[in-house]
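I opened this model to look up its core, a few loop residues and the overall layout. My entries follow in the order in which I checked these points.

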Amino acid sequence: MFVAGAEESAWRTTVADQERLRVQTRRPLVDSALTEQQLGLKQAEERLYRDYIHRLAKASPDYPNYQYLCRLCSVHIENVQGAHKHIKEKRHKKNITEKQEENELRALPPPSAAQISALDRTVTQTALRFGLSDDDFAARQSAVRRMERTVQERLPGNDTLTRG
Ligand SMILES: [Zn+2]
């Protein structure tokens with residue numbers, strides 16, 4: 001036999017390359033040609049998508065066997081079963097709760113003009129009812145002065161009590 005070693009290994013490389021290419025270019029499922037199994041997978045993936053788990057269009061070279069990625073937790077996941085398991089993990093649940101809260105806050109509409117003016121009225125009324133008027137302030141100041149005088153009369157030379 002006269003098979004050149006270099007030629008043979010070149011052929012092997014080509015097959016390996018083709019296989020890699022085939023895995024990498026795995027097309028997303030097309031609606032029109034779905035088997036029942038594929039339909040189940042598609043529904044499962046749609047459900048996972050709501051949990052922020054996305055199918056990778058292209059497997060990462062570091063994790064060739066991992067088909068999914070949880071975008072919340074930044075972890076690679078092997079398959080649908082693994083994804084269902086991941087959803088039940090404490091870390092993922094915590095991340096998803098935080099994400100939902102964030103989404104709700106972002107979705108809050110800004111206050112309307114009516115709401116702002118209602119708040120303005122409430123603050124003004126409360127200030128008028130419970131706030132300190134100029135008369136109140138003057139009355140308090142004169143009370144402090146009277147107290148100071150009294151203290152100084154009883155304790156000559158010591159005016160730090162009301163100032164310190
Ligand atoms: Zn996660």
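**Core**

I looked up the largest nonpolar core and found seven residues in it: Leu-48, Ile-53, Tyr-68, Leu-69, Cys-70, Ile-77 and Ala-83. A nonpolar core here is a set of buried Ala, Val, Leu, Ile, Met, Phe, Trp, Tyr and Cys residues joined through C-beta atoms within 7 Å. Strand β2, residues 68-70, supplies the largest share of this core, namely three residues. I note that this is a predicted model, in which local features need pLDDT of at least 70 and side-chain atom pairs count only at pLDDT 80 or more, while totals for chains, interfaces and linings use all residues. Residues are numbered from 1 along each chain as its sequence is written.

I then took Ile-77 and listed its contacts (C-beta atoms, placed from the backbone, within 7 Å). Not counting residues up to four places away in sequence, Ile-77 touches Ile-53, Tyr-66, Tyr-68, Leu-69, Cys-70, Gly-82, Ala-83 and His-86.

**Tyr-66**

Tyr-66 lies in the loop between β1 (53-55) and β2. For burial I used the count of other C-beta atoms within 10 Å, where 20 or more means buried, 12 or fewer exposed and anything in between partly exposed, with C-beta atoms placed from the backbone. Tyr-66 counts as partly exposed because it has 16 C-beta neighbours inside 10 Å. Leaving out residues up to four places away in sequence, I found that Tyr-66 touches Ala-59, Ser-60, His-76, Ile-77 and Glu-78. For Glu-78, which is 12 residues from Tyr-66 along the chain, I read a C-alpha separation of 3.9 Å.

**Positive phi**

I noted Tyr-52, which is not a glycine but has a positive phi of about 70°. Tyr-52 sits in the loop between α2 (36-50) and β1, and it is partly exposed because 16 other C-beta atoms lie within 10 Å. I also noted Ser-74, not a glycine either, with a positive phi of about 55°. Ser-74 belongs to the loop between β2 and β3 (75-77), and it is exposed because 8 other C-beta atoms lie within 10 Å.

**Whole chain**

I counted six helices and three strands in the protein chain, taking these as DSSP runs numbered from the N terminus (helices H or I, at least four residues; strands E, at least two). From the N terminus on, the order of elements is α-α-β-β-β-α-α-α-α. Of the 164 residues in the protein chain, 6% are buried. Among contacts between residues at least 6 apart in sequence, 19% join residues at least 24 apart.

How values were computed:
Two residues are in contact if their C-beta atoms, placed from the backbone, lie within 7 Å.
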